[in-house]
Amino acid sequence: MELSFTKAGRSGLAVLGALLLLVGSLSAQETSEYFQANCASCHTIGGGPLTGPDLKNVEDRKDRDWLINFIVDPGAVIASGDAYAKKLLAEARNVPMPKVAGMTKDRARRLLDLIKAESKLERSKFAGLSLSDRPFTAEDVELGEALFSGATRMQSGAPACASCHTIAGQSGLGGGLLGPDLTDAYARLNGRKVLGAWLSSPATETMAPVFKVSPIHTDEILPLLAYMKEAAKKEGEAPGPGIEFLIFGVVGAVAALLLCDFVWRRRFTGVRGKLVRGQK
Amino acid sequence: MDVRSQISMVFHLDKCIGCHTCSIACKNIWTDRKGSEYMWWNNVETKPGTGFPTRWEDQETYRGGWLKDENGKLKLRAMDKKRTLFNMFHNPSQPSIDDYYEPWTYKYDELFNAPEGDDQPTARPISMITGDYMDIKAGPNWDDDLSGSPVYAENDPNLESLTPEQREQLFAIERMVMFYFPRICNHCLNPSCVASCPSGALYKRGEDGIVLVDQNRCRAWRACISACPYKKTYYNWHTGKSEKCILCFPRLETGQAPACFHSCVGRIRYLGVLLYDADKLEEVANLPQDQLIQGQRDMILNPHDPEVIAAARKSGVHDSVIESAQKSPVYKFVKEWGIALPPHIEYRTLPMLFYVPPLLPVMSTHTDGLTQNTSEKLFHSIDEARVPMEFLASIFGAGDQSFLRTGLRKQMAIRMYRRAITVGDIEMKVAEQMLAESGCSKDEADAIYKMTALCTFDDRFVIPPMHREEALEMLKEPHEHKQEAGFGFRTGPKRGL
């Protein structure tokens with residue numbers, strides 16, 4: 001009895017150990033995915049700067065404590081007047097690093113471990129998106145527009161850009177108003193490489209959960225970039241509901257009310273009222 | 001045979017003087033609450049007249065009662081799937097508040113607190129719905145005693161069965177005729193209000209057939225409002241629930257006559273139990289229109305028949321209720337004497353309130369510009385009565401005059417017979433001849449005379465013991481219930497689920 005209990009205890013320990021190992025590797029994988037989802041849209045490891053700086057050997061440039069503080073709450077560090085942080089902000093053309101959802105000191109530590117490990121590799125998997133350098137063609141622009149407006153469905157089933165964003169040159173009532181107008185996005189993010197990285201894994205709180213499930217396919221990024229570059233050239237504002245729309249709305253509403261009035265004209269007429277009026 | 005008991009009523013229209021005491025008695029007990037001011041569970045109408053609500057008998061507008069569809073099956077006139085779908089949020093077939101009337105009171109403050117001045121102060125009418133000043137445009141008995149007859153009386157839907165000459169005569173000066181038509185819920189055997197309710201809030205009490213609205217289950221669909229062809233369910237705009245005549249069941253349960261019965265000045269009202277065969281219900285409600293009255297009469301069973309008594313016991317009717325049914329004045333009026341008729345049985349709801357139609361004899365003759373009150377030809381034949389037979393038949397015979405004529409001839413014969421006895425200016429032989437022609441024995445004539453003219457309280461109201469304790473036993477321990485029960489609601493009826 002006692003023997004079998006000990007045996008059970010031993011095998012239990014072995015299972016526990018295996019589990020711990022598994023959790024360890026799981027956590028490494030999880031950190032890697034976290035980097036891809038939240039950091040890769042602005043940073044590469046050895047792929048050159050995007051919006052933010054290249055993170056290869058970042059710990060050689062600044063000590064770990066400073067980095068952890070910055071990662072956990074970039075806004076606070078920038079606001080504190082830290083000289084290095086200001087310099088980073090200027091380099092990023094005043095696009096501040098956002099406070100990333102779910103970031104903790106522990107996670108930042110694990111991210112730094114990951115960056116350290118990846119920096120040692122010849123070529124990190126986070127070296128950035130390998131987009132073709134070929135010049136945009138007219139077909140690219142056309143396909144991009146279709147993808148943007150939703151006329152052509154994204155391969156992953158991701159929602160069309162126009163459901164949340166508008167852009168100069170969109171027909172009709174323009175795109176959605178949930179996200180910002182993307183007319184100057186190409187210029188703001190300094191073109192092809194950075195915007196392409198952003199599209200590969202959009203990192204804002206609104207977009208991340210959607211595009212994590214159904215990311216934009218690499219083949220679709222180039223046409224979208226082409227379209228957005230083209231759109232940026234267009235003069236004026238993104239289209240929105242104009243005066244015609246207002247007129248259409250008012251006339252339509254009145255027409256609808258009149259129709260209801262006609263269809264249900266015999267409601268509320270009453271019985272007694274008609275008898276009495278009929279007498280006069 | 002599935003024998004059930006039903007508390008039924010007879011109103012004797014020749015006795016009604018149109019005093020509205022019944023309406024007031026009912027109003028004071030039941031409908032003086034907020035939201036129910038406009039309701040008259042009991043009302044008295046003048047016929048010809050449009051009644052309350054206006055033209056309630058016009059089922060083209062209000063869509064009450066049952067229809068036979070092309071397959072001969074009964075269906076509600078108010079509800080078919082298409083209509084219901086397109087009118088889900090507003091039922092166009094129900095009366096508006098204007099078709100009832102906007103209830104009002106007077107601002108007596110202005111009268112009592114008026115400053116001294118040269119003018120007589122007045123209390124202006126204010127609406128009991130909005131509280132604003134209002135102009136009174138209609139009331140629940142606006143066409144009382146033929147007032148406003150060019151508007152109201154001439155629009156009585158029952159006049160459609162008359163020829164233009166008859167209509168003209170009906171409204172000719174000095175020939176004008178009217179009678180009163182008091183109405184409460186008929187507590188029908190085939191109630192269309194119950195059938196129409198989407199929430200299943202209406203039900204017919206098993207033990208006595210009283211039709212009630214469960215205030216907790218009512219969801220304000222108001223299907224019953226238009227489905228009831230007699231317009232006797234009302235919507236309480238304050239609680240958001242429908243309400244109707246409850247035949248004063250709390251009074252009945254304590255052995256008292258309903259308030260309107262109790263207070264009736266003319267003693268026109270009779271109440272008693274009828275036993276009927278519920279197995280025949282569907283068959284009878286489906287009969288051709290001219291067989292409905294006979295069909296309904298055949299459904300009502302003889303409470304003295306041993307076979308009926310055995311079947312009644314078998315289906316749980318208490319012995320005391322059977323005993324009560326044997327004494328029921330309603331049974332006598334409807335079955336034994338055959339002089340009480342259901343109102344508008346063509347709506348196929350099988351109403352259980354019966355009317356003894358008015359005889360309205362021409363008391364005076366009008367010749368050469370002289371009105372004479374001689375006793376010669378004191379009673380004319382019923383056809384010479386001023387109210388055209390077609391008009392009465394439209395209300396009490398589904399357009400068919402045969403039952404009406406039989407009843408009226410019998411009543412007329414009894415009058416002659418009593419005249420021969422008490423005044424003696426009519427020969428007894430003539431009176432007896434008339435009785436025989438109308439198929440009425442002397443004993444029956446005496447019985448009808450007694451029940452009509454000399455009836456006591458106990459003759460008129462034979463209220464069965466309700467045995468609430470036994471009805472309760474099925475659900476609860478009676479003593480336990482006694483401790484929990486009280487007056488009214490613990491929480492009043494209100495809108496919402």
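Me: How confident is the predictor in chain A of this predicted model, by mean pLDDT?
Reply: The mean pLDDT of chain A is 80, and 85% of its residues reach 70 or more.

Me: Which elements of chain A have the lowest and the highest mean pLDDT?
Reply: Helix α1 (residues 2–38) of chain A is the lowest, with a mean of 63; helix α12 (residues 243–263) of chain A is the highest, at 91. Over residues 1–5 of chain A the pLDDT is below 50, and beyond near neighbours in sequence this stretch has 0 contacts in the model. Where pLDDT is low, the predicted coordinates should not be read in detail.

Me: How do you know that the span of helix α6 of chain A agrees with its number of residues?
Reply: Happy to go through it. Helix α6 (residues 105–120) of chain A has 16 residues, which at 1.5 Å a residue should span 22 Å. Its end C-alpha atoms are 23 Å apart, so the two values agree.

Me: What makes the buried residues of α6(A) line one face of the helix?
Reply: To be called buried, a residue must have under 20% relative accessible area. In α6(A) those residues are A:R107, A:A108, A:L111, A:L112, A:L114, A:I115, A:E118 and A:S119. Seen down the axis of α6(A), they fall within an arc of 160°, so they line one face.

Me: Why are β13 and β14 of chain B said to stand at the edges of their sheet?
Reply: The open sheet has 4 strands, in the order β13-β12-β1-β14 (chain B), with mixed pairing. β13 (300–301) and β14 (353–356) of chain B each have a single partner strand, so one side of each is left without a neighbour in the sheet.

Me: What makes β12 and β13 of chain B a pair?
Reply: A pair needs at least two bridges, and 2 bridges join strand β12 (residues 269–277) of chain B to β13(B). They run antiparallel. The bridge partner of B:Y276 in β13(B) is B:I300.

Me: How much area do chain A and chain B bury between them, and which residues of chain A lose the most?
Reply: They bury about 1100 Å², 61% of it on carbon and sulfur atoms. The contact takes 10 residues from chain A and 18 residues from chain B. On the chain A side, A:V271, A:R272 and A:L275 lose the most area to chain B, together 57% of what that side buries.

Notes:
Residues numbered from 1 in each chain as written. Chains lettered and ligands numbered in written order. Predicted model: local features only at pLDDT ≥ 70, side-chain atom pairs only at ≥ 80, totals over all residues. Heavy atoms only, no water. Expected span 1.5 Å × (residues − 1). Buried < 20%, exposed > 50% of the residue type's maximum accessible area, 1.4 Å probe, protein only. Arc of directions from axis to C-beta. pLDDT = per-residue confidence, 0-100. Contact = heavy atoms within 4.5 Å. Buried area = accessible area lost by both parts, 1.4 Å probe.
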